[in-house]
Every structure is written in structure tokens, then in C-alpha cells.
Amino acid sequence: MTNDEEHPGAQENRAATLLDELEAAIAAAPQGTSGWPDELEDLWDRAQEEPGLPLTDEQRQLFAARREDWEASFKVQRLLRSLREAVERGEVLDVARAAELAETSARRGLGVSQDILLLRDLGRPHGERTLARLVKDEFVGEGCRQEAREWLAKLRRPEYEARAARPTDGEELLLPRVVRDLTSGWSGGWEIENEPSPERFAQARAVLEALLPDERLVSEEPPLWEGKWLEDAEDRPAWLEVHMVLVPLMPDARLVTRERLIWAWYECERLGIDLEDPTPEAFAERWAARIAAHLARGMLEWLWREDCFTTWALELAMRYIDRNVAVTDATRLLSEAAEAGHRSPPQ
């Protein structure tokens, strides 16, 4: 029998000690040394490579303060990792205190990534509530707020999925009936088939005709971004983060309703996403059109991948370009048709 088995309170005591040590380490940590001018940052980098580099007394004091700051940060991060391990073992009973310390540490910039991971591990409700504050906290860097948003959205995903499972009775459906029959999610098209049936092509045509807007859009929809989610996170547009809410909330076209989009606006506000629209009503209008554009884009892609270069397909592609919707795939359809000499499968 281990000591922990002999003394049931040993694990809880160990976790309480960790919390005490973390609180003391945060309190003892000096104020951060960020915000230096580029010249001083360059000199700091050189000093790490050239130990004998001549420095003024002021520069030596600044560099010593940074080393002290880093040592304090490393200590806090080590304690945070130990605390996460204790959470995983189920030893942390004072979850509210753990979340409070993680928030304080994050606002001080001592170990933000570890703070966010600890809050993720603490889960709902305390971890979630604290993350919801951090995503809007100006003391936390934008990159770290972005990371906190991702984990907050993942913690709240069960709520999105539960709402997606509810029937749409009494809600205002925003996409045409023929489009609501699609079960391919936001992709809009289908898997490539050896010999798609004439009915399949007829359905694609009906969907594209139904989704075509009456007037040309001011800006192209859907917007495009060629970066990568993690590698190019600093340049990630805010509209892309909206997908973290909308995709699990409305995974199929039949679930796109005004009520759900309005709820999504408030949810995006909770996540601290920088929204294009100041009101939930404007958000609902924009994203209903944007989701429709995603579906049209997917259907146009399916057509050119299936070598469907019929007259109606090419005419629809030109109309979509004219309306500023799914321009990339509409153009691809036309170019593929030109290369193929307007070849088309039997209809």
C-alpha cells in the first residue's frame, strides 16, 4: 500500500501546496521587461552571444532585470505544469483558486500558454469562465487571446452540438428548400463519382440556380484565405474564427436559421472575436449569404471535377462571376471547359 493510499488526504495536500507555491511565485515575480526599443533588443541578443560585450551600467541593470524576470517566469511555468498534472490525477479540489491563479499569471505574462492549458484542463465551469474573461483582456497579448479563444470554443462545442441537434420548428429558415436537402455540410458538393446520374447533375443545377443572388455583391463571397490555421495564426482573419462556432452549430444547410445565426453573434462576442457586423441582425444577413456562397463554391467545384461543361453549367459559372460569388471555382470551371474543348458527360 502506498503512502497516498494510507493517507487519503495526501494528494489533496500536495495539490494545495502546489497552489500555495504558485501564488507565492506569482507574487514574487518582478514586473515584465517587454516593450524595449529595437536597438536594446538587438543589444540583448548580441550580449547573449558575446558575454564580454561592453555595456553601460543602465544596460547591465536592464539585462539583469530581464534574466530575473525570465527565471521567475520559468518557475511559474514549472509549477503550472505540475498543477496540470495534479488536475489530470484528480487531486485539485480548489478549482476556483487554481483558475484565479492562472488568470493572474496570464495577465502578468508569466506563463500564458501554460495558464491557458491549465484552464482548459480545469474545464467547465471555472476554466471556461476564466477563459471567457481572458479573450477580452487587453493585458493579454493578441496571440495568446487567440489561443484562449480556440480552447474556449472547444470547451463550449458540446453546447453548439446540442443546439444543432434541436429541431428547427418555429425558426426562420434562410436557405432555399432545394438547398436544404443537401447533406454535404458547408462543402456544398459531393464525392467524385465514376458515373454521376443525370438526376445528380440536375440537382446541382437547381442548387446553383437557387443560390445565385439577385444582385452583384460588393465584396466577393465567400472570402478567401490561403494561410494555415496554426502556422499563420497571427494573420488569421477574424471571419475565419467565426467558423469555430457556426460549423458545429449549423453543420448542414437545413439548420441555417435566423435565430441560430443571431445566437451565434452573441456567442462570437463571448469568444472575443472581432466581428464585422455591429448587430446580430446584420451578422445573420451576412452569414446566411456567406454560407450560401460556400455551398455554391462547393457545387461549382464538384462540376469542374466531374468534367461537367454543359451550356447551363458554363452560363451559371459566368453569372456567378458577375455576381461576385465563388469566383475562383466559377473561373476554374470555365478554364477547365476551355482546355477540354467543352467536353461534357452524357446528360
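Some ground rules. Residues are numbered from 1 along each chain as its sequence is written, and side-chain values use heavy atoms, with hydrogens and water left out. Because the model is predicted, local features need pLDDT of at least 70 and side-chain atom pairs count only at pLDDT 80 or more, while totals for chains, interfaces and linings use all residues.

Let's start inside. A nonpolar core here is a set of buried Ala, Val, Leu, Ile, Met, Phe, Trp, Tyr and Cys residues joined through side-chain atoms within 4.5 Å. Buried means under 20% relative accessible area, exposed over 50%, and partly exposed in between, with a 1.4 Å probe and protein chains only. The largest such core has 94 residues. Which of its members touch the most others? They are Leu261, Phe283, Leu303, Tyr320 and Leu333. The largest share of this core, 14 residues, comes from helix α13, residues 280–305. A word on names: helices are DSSP runs of H or I with at least four residues, strands are runs of E with at least two, and both are numbered from the N terminus. There is also a second, separate core of eight residues. Leu40, Leu43, Ala47 and Phe63 are among them.

Now zoom in on Leu303. Leaving out residues up to four places away in sequence, it touches Phe201, Ala204, Leu208, Cys308, Trp312, Ala313 and Leu333. Contact means heavy atoms within 4.5 Å.

Cys308 is on that list. Is Cys308 buried or exposed? It is buried, because its relative accessible area is 0%. Cys144 is at 22%, so it counts as partly exposed.

Take Ser105, in helix α5, residues 95–108. Its relative accessibility is 0%, so Ser105 counts as buried. Beyond four places in sequence, Ser105 touches Ile26, Val76, Leu80, Leu110, Gly111 and Asp115.

Thr130 sits in helix α7. It is buried, at 2% relative accessible area.

Pro196 is in the loop between α9, residues 177–180, and α10. At 14% relative accessibility, Pro196 counts as buried. Pro196 and Glu306 are 110 residues apart in sequence, yet 8.2 Å apart in space, C-alpha to C-alpha. Pro196 touches Glu306, Phe201 and Trp302, with residues up to four places away left out.

On to the backbone. Where are the cis peptide bonds? One joins Arg124 and Pro125, with omega about 5 degrees. Pro125 lies in the loop between α6, 112–122, and α7, 126–134. Another joins Glu221 and Pro222, with omega about -10 degrees. Pro222 is in the loop between α10, 198–211, and α11, 238–249.

Helix α8, residues 142–164, has a kink of about 45 degrees at Arg156, shortly before Pro158. That bend is the angle between axes fitted to the seven residues ending there and the seven starting there. The buried residues of α8 include Arg145, Glu150, Arg156 and Tyr160. They pack against α6, α7, α11 and α12, 258–270.

Last stop: α14 and α15. Two packed helices are described by the angle between their axes and the distance between the axes. Here the angle is about 145 degrees, and the axes are 8 Å apart. Axes are lines fitted to C-alpha atoms, for helices over the stretch in contact, and angles run from 0 to 180 degrees between N-to-C directions. Ala313, Leu314, Ala317, Met318, Tyr320 and Ile321 of α14 make the contact with Val327, Ala330, Thr331, Leu333, Leu334 and Ala337 of α15.

The loop between these helices holds Asn324 and Ala326. Asn324 is not a glycine, but its phi is positive, about 70 degrees. Ala326 also has a positive phi, near 50 degrees. Asn324 counts as buried at 10% relative accessibility, and Ala326 is buried at 3%.
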